[in-house]
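Please read each point beside the sequence and the structure.

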Amino acid sequence: VLVRNIPHDAHESVRELVEHFFLVNHPDHYLTHQVVYDTNKLARLVRRKKKLQNWLVYYQNKHERTSEEPEMKTSFLGLWGEKVDAIDYHVAEIDKLTKKIALEREKVTNDPKSIMPVAFVSFKTRWAAAVCAQTQQTRNPTLWLTQWAPEPRDVYWRNLPIPYVSLTIRRLIMAVAFFFLTFCFMFPIAFVQALASLDGIHKYAPWLNPLVRIPLVKSFIQGFMPGIVLKLFLIFLPRTLMIMSKFEGFESLSSLERRSASRYYIFSFVNIFLGNILTGTALQQLDTFIHQPASQYPATIGNAIPLKASFFITFIMVDGWASIAAEVLMLKPLLYYHLKNFFLVKTEKDREEATDPGSIGFIKGEPQMQLYFLLGLVYAVVTPTVLPFIIIFFGLAYVIFRHQIINVHNQEYESGAAFWPDIHFRIVFALIVSQIVLMGLLATKKAVSSTPFLIALPILTIWFHIYCKGRFESAFVKFPLEEAMMKDTVERAREPNLNLKSFLKNAYVHPVFKDNIDHDHDNDNDNDNDEILSENCESESATTVPTKRHSRRNTPSPDRITDA
């Protein structure tokens, strides 16, 4: 269980406070805990040391191959500065960093200010962990906040030291930033797509008219250029959204990807779906659109959508079919590999990292499929000629992504199907949008009398979503006590001698400390690490819980009960 917003206590450290709190409030079930340190500076030093060690291996291999002493310049990127022996320089730098790392590690583990008001708490049973994670711990609902901890691979350690009180402010800032990113992005997309049309070229680049008159070039500009321009605009969007999600302070990789994927879908809906519809028709008649009543908006959109069917067909081919082909050919990882192999690979470790295919990439892939699902539902009635292109995309995507997930990509973490509630909501949202578009379209086809009957469709769809949310969403966010007790009982019967404490003792230790544990274990000297990182493991329940708090009987304030 991840515990956040642990209150400050003048008499006890965070480690002692956590142990005391859970021994008192969960006396029969509490097993151990691991406090969280602010190790961001230490992690930077460790990464820098690993980078220098990699360079040292490279120069040592070069020395073995050529029998010459490799030299390097010490200034920026090795372009200028004093020329020195590369091996000796890196050995000296690594020694300096090793000492800095040792000092920083000692500072982190001994300085109370480096211990964050966050802890991973482990229990003897799943039932006890479920009770703790899903209940309020104190009278004050803002203290001792508990939630299910992400699995160790899923923890994003850099965000754990962020103070809990600042998370709301950070998320508000990013919400405002995302709003402006989404709606301000529409104008450059519309402008560039206007330039990428025949009319735009005739108006802004008349010197290209002889080239445009060539039939092949003219067909390419009319058919594929707008979709390619839009694709180029979206290249850096996933990375931008991930940076924004990290700033918000989410504590797990899965939650970072879920937030980024959700925003990618919103961005795609506004800028690809609505943006192209409005810039193609309604924005060309902006005055009419602004001054017309709100009741006419569905009709305006209903008129606009059929006119954009050809654009979305080409966009599906440029973005959807091409991305599927690129996925099965692994063009992007292949390009990255050759670039890294030519410029960055120095050792076998670098080559292994360069050949890593990575994870499936939910940030872009999942919202992309949701967008095509939306297009399929919208155009199924409006312009059914779009459907074959979408069906081909989903057929190819199923075959190829199934193969890639099983045989190619690495599973970075396990989130317990946490993506599904978001996917279900977006499917329902796509249904509602398609129904509104259908009402708008019928309103323009002299079938206004049938429109009121269609109002029942979105109402029933929303009711269905509310029902599914109440019936099934808890399965993705909560752990039923019945299931927890059942699994505990089966585990006790199958593994009666399971040493759970040794299994959990270092499960949630920061990776920079784990490296230290492994190193000291190889040298048969892991006692110090157990003292530093696992002091909190001695947590057997007892009748009397030791505490360092002073007695409050001598305080001058009156007693709440006796007023004495």
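1. E491 counts as partly exposed because its relative accessible area is 24%; this class lies between buried (under 20%) and exposed (over 50%), judged with a 1.4 Å probe and protein chains only. R126 is likewise partly exposed, at 30%. The two side chains meet in a salt bridge, with 3.2 Å from N to O; a salt bridge here is a side-chain nitrogen of Lys or Arg within 4 Å of a carboxyl oxygen of Asp or Glu. The pair links distant parts of the chain, 365 residues apart, with E491 in helix α24 (residues 481-494) and R126 in helix α4 (residues 126-133). D488 joins R126 and E491 in a network of salt bridges.

2. The model is predicted: local features require pLDDT of at least 70 and side-chain atom pairs pLDDT 80 or more, whereas totals for chains, interfaces and linings use all residues. Residues are numbered from 1 along each chain as its sequence is written, and side-chain values use heavy atoms, with hydrogens and water left out.

3. A search of the whole structure finds nine salt bridges. One of them joins the side chains of E251 and R4 at 3.6 Å, N to O. This pair also spans distant parts of the chain: E251 is in the loop between α11 and α12 (253-280), R4 is in strand β1 (residues 2-4), and 247 residues separate them. E251 counts as buried because its relative accessibility is 12%, and R4 counts as buried at 2%.

4. E473 and K469 form a further salt bridge through their side chains, at 3.0 Å from N to O. E473 is partly exposed, with a relative accessible area of 26%, and K469 is partly exposed at 43%.

5. The chain has 27 helices and six strands; these are DSSP runs numbered from the N terminus, with helices being H or I of at least four residues and strands E of at least two. Buried residues make up 41% of the 564 residues. Of the contacts with a separation of 6 or more, 78% come from residues 24 or more positions apart, a contact being heavy atoms within 4.5 Å.

6. Which residues does V512 touch? Leaving aside residues up to four places away in sequence, V512 touches T39, L42, A43, V46 and R105. V512 lies in helix α26 (residues 511-522) and counts as buried, at 6% relative accessibility.

7. P117 is placed in strand β5 (residues 115-123) and is partly exposed, at 35% relative accessibility. With residues up to four places away in sequence not counted, P117 touches V3, R4, N5 and I6. Between P117 and Y37, which are 80 residues apart in sequence, the C-alpha to C-alpha distance is 9.0 Å.

8. A positive surface patch includes K41, R44, K100, R158 and K364. Patch residues have over 30% relative accessible area and no salt bridge; like charges are joined within 9 Å, and nonpolar side chains (Val, Leu, Ile, Met, Phe, Trp, Tyr) within 5 Å. Helix α2 (40-66) is among the elements that supply at least two residues, and α2 gives the most, with four. K100 lies in helix α3 and counts as partly exposed because its relative accessibility is 47%.

Methods: Areas by Shrake-Rupley, 256 points an atom, 1.4 Å probe, with all protein chains shown as cover. Lys, Arg positive; Asp, Glu negative; His and termini not counted. Charge placed at Lys NZ, Arg CZ, Asp CG, Glu CD.
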